[in-house]
Amino acid sequence: MGKSISDIIEEFIMSSLDDDDFIELSRNDLAKFFSCVPSQINYVLNTRFTLNRGFMVESQRGGGGYIKVVRVQDNNDNFLKNALDLCSEPMNFVRANQLLQNMIDKELLTVRESELIKSTISPKALNNPINIDNMLRSNIMKEIIIKLMNKVGG
């Protein structure tokens, strides 16, 4: 029995990463290359490149869309630097929750601290008339990570 298209896409992304900490790819270019729909690429990213498997994925829709797959470092300082990079773009609530869960897993935050942060970055808390909640969420997460970096680093 042959490999599934998901297996092949995963292997391609893994080989593209090689020893690098991250890679940026075009979702549409990948879909064309593998003769599949872009949602197949999303499926692979959502199921094969998860925080539990040591990856964080940043995704941008529109304009062809791109994906950034980041290999999470075991070292907390490196992890926080990578997480800080992810906060340079607007962050949706689901993505922020994934980042918070990874911080819990790395014992950078307690469950209680994470829940408090979630309440401050929730869609309800950031409800605003000009729809800038993802950018606000990114800025809040960035400040939290900077404080954690200061705590971890010294």
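Which helix is the place of arginine 137? Helix α7 is where you'll find arginine 137, and the close-ups below, all taken from a predicted model, start there.

**View 1. Arginine 137 sits in helix α7.** Despite its charged side chain, arginine 137 counts as buried, because its relative accessibility is 1% and the cut-off for buried is under 20%. Leaving out residues up to four places away in sequence, arginine 137 touches Met91, Asn92, Phe93 and Ala96, and also Ile121, Ser122, Pro123 and Leu126.

**View 2. Leucine 126 lies in the loop between α6 and α7 (133-153).** Setting aside neighbours within four places in sequence, its contacts are Thr120, Ile121, Asp133, Leu136, Arg137 and Ile140. For a sense of scale, look over to leucine 17: it is 109 residues away along the chain, and the two C-alpha atoms are 35 Å apart.

**View 3. Helix α6 (residues 111-121) has a buried side and an exposed one.** Ser114, Ile117 and Ile121 are the buried residues here. They share the same side of α6, because together they span an arc of only 65 degrees around the axis. Val111 and Arg112, on the other side of α6, are exposed. As a reminder, an α-helix has 3.6 residues a turn, so residues three or four places apart point the same way.

**View 4. Helix α5 (residues 93-105) packs against α6, with axes that come within 10 Å.** The axes cross at roughly 165 degrees, which means that α5 runs roughly antiparallel to α6. This crossing is right-handed.

**View 5. Helix α4 (residues 76-86) meets α5, with axes that come within 12 Å.** Here the crossing angle is roughly 170 degrees, so α4 is roughly antiparallel to α5. On the α4 side, the contact is made by Phe79, Ala83 and Leu86, while α5 brings in Arg95, Leu99, Asn102 and Met103. The class count for this contact is five nonpolar, one polar and one charged.

Notes
Residues numbered from 1 in each chain as written. Predicted model: local features only at pLDDT ≥ 70, side-chain atom pairs only at ≥ 80, totals over all residues. Heavy atoms only, no water. Buried < 20%, exposed > 50% of the residue type's maximum accessible area, 1.4 Å probe, protein only. Helix = DSSP H or I, 4+ residues; strand = E, 2+ residues; numbered from the N terminus. Arc of directions from axis to C-beta. Contact = heavy atoms within 4.5 Å. Axes fitted to C-alpha atoms, helices over the stretch in contact; angles between N-to-C directions. Parallel < 35°, antiparallel > 145°, perpendicular 65-115°, else oblique. Left-handed = near helix turned anticlockwise from the far one by under 90°.
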